[in-house]
Amino acid sequence: MNYTELKQSVEDYTENSFSATDFATMTKLAEQKIYNTVQLAALRKYVTGTVTANDQYLPCPGDFLSVFSMAVIKSTGEYVYLQDKDVNYIREMYPTPTSTGIPKYYAIFGPAVAGSEISDELTFILGPTPASAYSVELHYYYYPESISETADGTTWLGDNYDPALLYGSLVEANIYLK
């Protein structure tokens, strides 16, 4: 189901027409609810990066939704998969950032802070603090582009789970009409 078909179906079911802006908003809200509820393997990415020695923070990708797995890669090529913990756990286990070694744990720390500026981007905190630079591989779920914003009006969700997208859009349309 493409965007035009989705809009027409919702308008047919509700017997109402919606402005382009309102319908795009309804569709985005429906998509977000689906992505936040169901972990779809097709909506998973991976990135590699490097952690810096003596820096326990690692930025999250801009399109980050949730973690699937995170691993530190030793110089031997061996993957050490990190365990997801709460920030409080890491702070208690490693009360000072000078506790260094190969990271064993990660937590979603919160927005990055630079001076008095707070960014919207999330960061990870690692425990213990990396003793040296390590490669890191992060597999994560992401927010794909909305069907309302794609050039051809199609997305993986619309092509493979169109009933969920239609139902979600109808729910949002109903809320809008109330």
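## A tour from sheet to cavity

Start by selecting Val51 and Tyr134: in strand S10, Tyr134 is the bridge partner of Val51. You are looking at a predicted model, where local features need pLDDT of at least 70, side-chain atom pairs count only at pLDDT 80 or more, and totals for chains, interfaces and linings use all residues. To find your way, number residues from 1 along each chain as its sequence is written, and note that side-chain values use heavy atoms, with hydrogens and water left out.

**Stop 1: the sheet**

Now select the strands (DSSP runs of E, at least two residues, numbered from the N terminus). Four of them form an open sheet in the order S1-S10-S3-S4, with antiparallel pairing. Strand S1 (44-51) and strand S4 (79-81) stand at the edges with a single partner strand each, so one side of each has no neighbour in the sheet. From one strand to the next, the twist averages 30°, taken between lines fitted to C-alpha atoms, in N-to-C directions and on a scale from 0 to 180 degrees. Strands count as paired here if DSSP finds at least two bridges between them.

Follow the pairings across the sheet:

- S1 and S10 are antiparallel, over eight bridges.
- S3 and S10 are antiparallel too, over eight bridges; select Phe64 to find Tyr142 of S10 opposite.
- S3 (residues 64-73) and S4 pair in the antiparallel sense over three bridges, and here Val72 stands opposite Val80 in S4.

Is strand S10 mostly covered or mostly uncovered? Color residues 134-142 and you will see S10 mostly covered, with seven of its nine residues buried. Buried means under 20% relative accessible area, exposed means over 50%, and partly exposed lies in between (1.4 Å probe, protein chains only).

**Stop 2: the salt bridges**

There are five salt bridges in the structure, each a side-chain nitrogen of Lys or Arg within 4 Å of a carboxyl oxygen of Asp or Glu.

Select Glu11 and Lys7 first: their side chains meet in a salt bridge at 2.6 Å, N to O. Both lie in helix H1 (residues 3-14), four residues apart, about one turn of the helix; helices are DSSP runs of H or I with at least four residues. Glu11 is buried, at 14% relative accessible area.

Next, pick Lys28 and Glu149, whose side chains meet at 2.8 Å, N to O. This pair links distant parts of the chain, 121 residues apart: Lys28 sits in helix H2 (residues 20-37), and Glu149 in the loop between S10 and helix H4 (156-160). Lys28 is partly exposed at 32%, and Glu149 is partly exposed at 43%.

Finally, go to Glu78 and Lys74, where the closest N and O atoms of the salt bridge are 3.5 Å apart. Glu78 is partly exposed at 43%, as is Lys74 at 26%.

**Stop 3: the cavity**

Rolling a probe the size of a water molecule over the atoms shows where empty space is left. On a 1 Å grid over the protein atoms alone, a cavity is a set of points where a 1.4 Å probe fits but cannot get out, and lining residues have an atom within 4 Å of a point. Points are joined across faces, edges and corners, and the volume is the space filled by probe spheres set on them.

How many cavities of 30 Å³ or more are there? The count comes to one, and the largest cavity holds about 30 Å³ of space. Select Tyr35, Val38, Leu40, Leu43, Leu65, Tyr141 and Tyr142 to show its lining. These residues divide into seven nonpolar, no polar and no charged, where Ala, Val, Leu, Ile, Met, Phe, Trp, Tyr, Cys and Pro count as nonpolar, Asp, Glu, Lys and Arg as charged, and the others, Gly among them, as polar.

Terms used:
On a 1 Å grid over the protein atoms alone, a cavity is a set of points where a 1.4 Å probe fits but cannot get out, and a pocket is an open set with protein on both sides within 12 Å along at least five of seven lines; lining residues have an atom within 4 Å of a point.
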